[in-house]
Amino acid sequence: MSQDDGAEDPWPMDEPVNQSIPIVLPITDEQKASIIKGDKVQSRVALTQNDVVLAILCDGEIYDHRREERVARQFAFSDPRHPAVQQVLSSGPWCLGGDLKVLQRITFDDGLNDFRKTPSELRQIFKEKGADVVFVFQLRNPIHNGHALLMRDTREKLLEKYRNPMLLLHPLGGWTKDDDVPLSVRIRQHEAVIAEGVLDPSWTVLSIFPSPMLYAGPTEVQWHARARIAAGVHTYIVGRDPAGIQHPDTGDFLYEPTHGAKVLSMAPGLSQLHVLPFRVAASGGTPPDGFMAPTAWKILADYYKSKASK
C-alpha cells in the first residue's frame, strides 16, 4: 500500500478486517418511522448532537437489531447486571446503517478536545518526531509506578531493534462504569506523570481513545488492538484480564484473565501487530527492576502458581 507521496506505507491496513465489536446505530420504532419515505429510507438522514448536524447518512438501510444474539456473541454473557449488556438490551429494536459524510469534527465541552487526535493526526505527530516504531498503552485507570516501569521497560527492549520508539499513551475516553475514575481526572493525572518525568515527554504522546468501554473481555481487546493499528501502532501492551469485569454473583473474573493476550496472538487481521503481555506475578516471570521488592514478587508468584495447580 502506498501513501499519497508514492512512498510505501509503513503501517498498511491491507489485512482482513478484524471487527470483533459491532459499531451500530440503534433506533426506535418512532425514529424508524420518521426516516422512511415510501418503503425506503430517505436518501439523506441528518445525524445531530445537541441540535447541531455533524454528519449526513446517505443510502441508508435498516436492519433488525438482534439484541439477544448480539449480546451472546459479543459478551458471551447475557445477565443484564453487566452494565454494557443492559445498554444493548435496552436500546432500539432497529439498526440504521449507510454511507457517512462527516461535516465537522465531533467536540465535547470538557476542555479535553486538544487530546482527541485522529489516527491521521497521530501518524503525523509520530512522523514529525522521527518515530521508527510506536507502542501503545491503553488504560482506564490512573497510572501507577508499576505501569510506568512496564512502559519504560518496553521502550528499552524496543531500543534493541529500533532507533526512536515512541509511546502512545492512549486512555479510553468514551463511556465507562460509574465507579471508574472520570476521564478529566485521569488526563490530569497522566499529564502530571509526564510533567514529573516518570514518563519522558520526549517519547510520550498523550491522546484520548474515543471508544466506550464495553467490558467484553477477549472479544473487546481485539477491537482495542485493531483500532490502534490505524494510528500507526506496531506494539500493543496487553494486561491481565483486559477489558474485563467482575462476575456479578461471585466477584471473580468474568473472563479467564489470560485469554485476552492469547486471543490477540491468534486473531485474524492482527498479524502485523506485535503483542506484548504484561509480566505479572501470575505469569511467574521476573518484573522490571524497581517494580516490586523481589521477595514480595515471589510471594505473589508462588500464590498464583499454587492457585493454578488446584
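A residue is called buried when its relative accessible area is under 20%, exposed when that area is over 50%, and partly exposed in between, with a 1.4 Å probe and protein chains only; by this rule Asp249 is exposed, at a relative accessible area of 55%. The structure is a predicted model, in which local features need pLDDT of at least 70 and side-chain atom pairs count only at pLDDT 80 or more, while totals for chains, interfaces and linings use all residues. Residues are numbered from 1 along each chain as its sequence is written, and side-chain values use heavy atoms, with hydrogens and water left out.

**Salt bridges**

- Side chains of opposite charge can pair when their charged atoms come close.
- With a salt bridge taken as a side-chain nitrogen of Lys or Arg within 4 Å of a carboxyl oxygen of Asp or Glu, the count comes to 10 salt bridges.
- One of them links Asp249 with Arg81, whose closest N and O atoms are 2.9 Å apart.
- Asp249 lies in the loop between strand S10 (235-238) and helix H8 (259-266), and Arg81 in the loop between helix H2 (67-75) and helix H3 (83-89), so this pair ties together parts that are 168 residues apart in sequence; helices (H or I, at least four residues) and strands (E, at least two) are DSSP runs numbered from the N terminus.
- Arg81 is partly exposed, with a relative accessible area of 47%.
- Arg105 forms a salt bridge with Glu121, the closest N and O atoms being 2.8 Å apart.
- Because Arg105 sits in the loop between strand S6 (94-102) and helix H4 (119-128), while Glu121 belongs to helix H4, the pair ties together parts that are 16 residues apart in sequence.
- Arg105 is partly exposed at 43% relative accessibility, and Glu121 is partly exposed at 30%.

**A salt-bridge network**

- Arg140 and Asp180 meet through their side chains in a salt bridge of 3.7 Å, N to O.
- Salt bridges that share partners join Arg140, Lys177, Asp179 and Asp180 into one network.
- Asp180 is buried, at 11% relative accessibility.

**The sheet**

- Strands of a sheet pair through backbone hydrogen bonds, either parallel or antiparallel.
- Here 4 strands form an open sheet in the order S1-S6-S5-S4 with antiparallel pairing, where two strands pair if DSSP finds at least two bridges between them.
- Strand S1 (26-27) and strand S4 (44-49) stand at the edges with a single partner strand each, so one side of each is left without a neighbour in the sheet.
- Strand S4 is joined to strand S5 (residues 52-64) by 6 bridges, and the two run antiparallel; the bridge partner of Ala46 in S5 is Ile56.
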